[in-house]
Amino acid sequence: MIGHLQGEVLFSDGVESVILTNSGIGYQVYFHQVLPEGNVTSIFISHVIREASEELYGFRTIREKKMFELLTSVKGVGPKSAFSLASNIGVDQIINAITMDDKKTLTKAPGIGAKAAAQMILDLQNKVSKIKMYSNKTLGAQPIAATSTVSIQPEMFTQETEVESTSDHLILNDTILACKELGFKEEKVIPIAQKILGSNEITKPEQLIHLVLREV
């Protein structure tokens with residue numbers, strides 16, 4: 001069973017990521033955040049094995065992973081529904097909702113209906129608080145080439161900020177052009193693209209285009 005992966009991010013679109021480990025194998029993982037391509041990442045994994053398939057679900061913390069595995073123990077809750085719940089609502093809110101018999105919050109996640117929410121509360125009300133005993137510490141990510149010990153001067157921060165700003169501007173422009181070619185209006189694309197760009201580490205126009213097209 002795979003419980004953890006560390007390696008270079010080859011692809012990431014906020015739904016799936018491909019992580020190349022030192023063994024030379026690239027693992028395809030369900031992961032709800034966009035990871036910066038070309039960086040090294042380290043994430044916890046829940047390895048779901050079924051009769052006809054194997055799937056990997058990635059998490060930033062061991063607490064998220066344990067919550068996912070607890071949710072999948074409930075009858076009628078599959079891994080995709082549990083992943084949707086953990087990704088969209090978060091561990092603390094799930095604990096509160098189950099403890100407080102709050103079905104409305106649980107059904108906010110796609111794939112979770114009233115029956116499944118009621119079953120979660122019935123099965124987990126006396127178990128879910130134990131999830132807090134697991135660490136909420138993230139493993140983080142780092143650039144592949146960032147290994148030197150060069151001292152950082154204030155002007156270097158300014159240069160770096162300018163480079164990031166320029167890079168974001170180019171990615172945004174390419175995304176707008178691509179979406180216009182697909183028939184979408186600029187005024188509709190821009191606010192969506194800016195919002196996504198501001199909340200994710202986007203390194204390529206292709207990533208932003210993919211995420212924008214999911215929302216327009």
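The structure before you is a predicted model, in which local features need pLDDT of at least 70 and side-chain atom pairs count only at pLDDT 80 or more, while totals for chains, interfaces and linings use all residues. Residues are numbered from 1 along each chain as its sequence is written, and side-chain values use heavy atoms, with hydrogens and water left out.

I shall stay with the strands for a moment. Helices (H or I, at least four residues) and strands (E, at least two) are DSSP runs, numbered from the N terminus. Two strands are said to pair if DSSP finds at least two bridges between them. Strand β1 and strand β2 (residues 16-20) pair in the antiparallel sense over four bridges, and the bridge partner of F11 in β2 is V18. On β4 (residues 39-49), strand β1 (residues 4-12) has an antiparallel neighbour, joined to it by five bridges. There, V40 of β4 is the bridge partner of E8.

Now to the chain as a whole. The protein chain holds eight helices and six strands, and from the N terminus on its elements run β-β-β-β-β-α-α-α-α-α-β-α-α-α. I call a residue buried under 20% relative accessible area, exposed over 50%, and partly exposed in between, with a 1.4 Å probe and protein chains only. Of the 216 residues in the protein chain, buried residues make up 38%. The accessible surface comes to about 12,600 Å², and 52% of it belongs to carbon and sulfur atoms; these areas come from the Shrake-Rupley method with a 1.4 Å probe, and for residues only the protein chains shown count as cover. A contact means heavy atoms within 4.5 Å. Among contacts in the protein chain with a separation of 6 or more, residues 24 or more positions apart account for 56%.

Let us turn to the interior. In soluble globular proteins, nonpolar side chains tend to be buried together. By a nonpolar core I mean a set of buried Ala, Val, Leu, Ile, Met, Phe, Trp, Tyr and Cys residues joined through side-chain atoms within 4.5 Å. Which residues have the most contacts inside the largest such core? They are M67, L71, L85, I94, L106 and M120, in a core of 28 residues. Strand β5 and helices α1, α2, α3 (91-99) and α5 (114-124) each supply at least two residues of this core. L71, for instance, touches V77, A82, L85, I94, M120 and L124, not counting residues up to four places away in sequence. Another core, of 14 residues, lies apart from it and includes V189, A193, I202 and L208.

Next, the aromatic rings. Rings of Phe, Tyr and Trp (its six-membered ring) pair if their centres lie within 6.5 Å; planes under 30 degrees apart count as stacked, over 60 as edge-to-face and the rest as tilted. A search of the whole structure finds six aromatic pairs. One of them, Y30 with Y57, is stacked, at 5.0 Å centre to centre and 25° between the planes. This pair links distant parts of the chain, since Y30 is in strand β3 (residues 26-30) and Y57 in strand β5, 27 residues apart. Y30 is partly exposed at 21%, whereas Y57 is buried at 1%. F59 and F83 form an edge-to-face pair, 5.7 Å centre to centre with 70° between the planes. F59 is buried at 2%, and F83 is buried at 10%. Y30, Y57, F59, F68 and F83 form one aromatic cluster.

I close with charge. A salt bridge is a side-chain nitrogen of Lys or Arg within 4 Å of a carboxyl oxygen of Asp or Glu, and by this rule the count comes to five. E55 forms one with K80, the closest N and O atoms being 3.0 Å apart. Because E55 lies in strand β5 (residues 54-59) and K80 in helix α2 (residues 79-88), the pair ties together parts that are 25 residues apart in sequence. E55 counts as buried at 15% relative accessibility, while K80 is partly exposed at 47%.

Helix α1 (residues 62-71) gives a second example: K65 and E69, four residues apart, are separated by about one helical turn, and their closest N and O atoms are 2.8 Å apart. K66 also forms a salt bridge with E69, at 4.0 Å. Salt bridges that share partners join K65, K66 and E69 into one network. Within it, K65 is buried at 10%, E69 is partly exposed at 27%, and K66 is partly exposed at 27%.
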